[in-house]
Amino acid sequence: MLGEVCSALGQVTVVAPDREQSGNVALAHAARPLHATRRPDGAFQVDGTPTDCVLLAIGMLMPQKPDSSSPGSTTARTWVRTVFYSGTVAAAMEGLVAGIPSIAVSYAGGDLDVLETHQAGLRSLLKRIVDVKDFPKETLLNINLPALPGDQVKGVKVTHLGSRVFSEEIALMKDPWGKEIYWIGGGRITWSGDADSDFRATSDGYISVTPLHMDMTNYDLIEVVRKWLPGD
């Protein structure tokens, strides 16, 4: 769907993982070869991570460097402060490192039929962003679509990151040989965020747009930390 939307704005090359990659952070498979298979529709499917896809797209699969990089996801596990775990945002960051203005697009639901109804609204939003002149450097936009039909979206909100808290997310099990193993990913999730957070915006039926910066330095604390380390 994202490829179809973007094709109205320019030439699109789709390079995507061949399987679910939600929660797969900025990891590149430097220790093993990757396979990129050309599909009948012209897209490439890669047996690697979202970051691998961006590296291959820019370095090998595209005839020229793209003007923008827009990784997308169709699950709900790639947003708010969990951007640190997000394969979608990791791929966008990889594009940003290569000097390409990047946008991460995620969908907060699981019904792909509903996702399809967001085409017109997403196309309009992306066109407005692509038309921005002098897009800020080292900045990407994280877009989250709410889990409701496109014609019910209330509008677009510019937001900050909310937060997500896990409980009982690690399960202790045993493998067929009786050795203890740990399964990460279950348990309960509690979301939180004020009225201007991405979580609250999508929960209230809005499209959330959050600007993210590559520089994670907390400049307000630099002098404070210096006082912790006198003489160093």
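Tutor: In this predicted model, confidence is lowest in strand 7 (residues 163–167), at a mean of 61, and highest in strand 6 (residues 155–158), at 96. The score is pLDDT, the predictor's confidence in each residue, from 0 to 100; strands (E, at least two residues) and helices (H or I, at least four) are DSSP runs numbered from the N terminus. Residues are numbered from 1 along each chain as its sequence is written, and side-chain values use heavy atoms, without hydrogens and water. Local features need pLDDT of at least 70, side-chain atom pairs count only at pLDDT 80 or more, and totals for chains, interfaces and linings use all residues.

Student: Why is Leu229 called partly exposed?
Tutor: Its relative accessible area is 46%; buried means under 20% and exposed over 50%, with partly exposed in between (1.4 Å probe, protein chains only). Leu229 is therefore partly exposed. Leu229 lies in the segment after helix 7 (222–228).

Student: What makes a nonpolar core?
Tutor: The term denotes a set of buried Ala, Val, Leu, Ile, Met, Phe, Trp, Tyr and Cys residues joined through side-chain atoms within 4.5 Å. The largest has 17 residues, and those touching the most other members are Ile103, Val105, Leu122, Leu126, Ile143 and Leu145. Helix 5 gives the most to this core, with four residues. Apart from this core lies another, of seven residues, including Phe44 and Met62.
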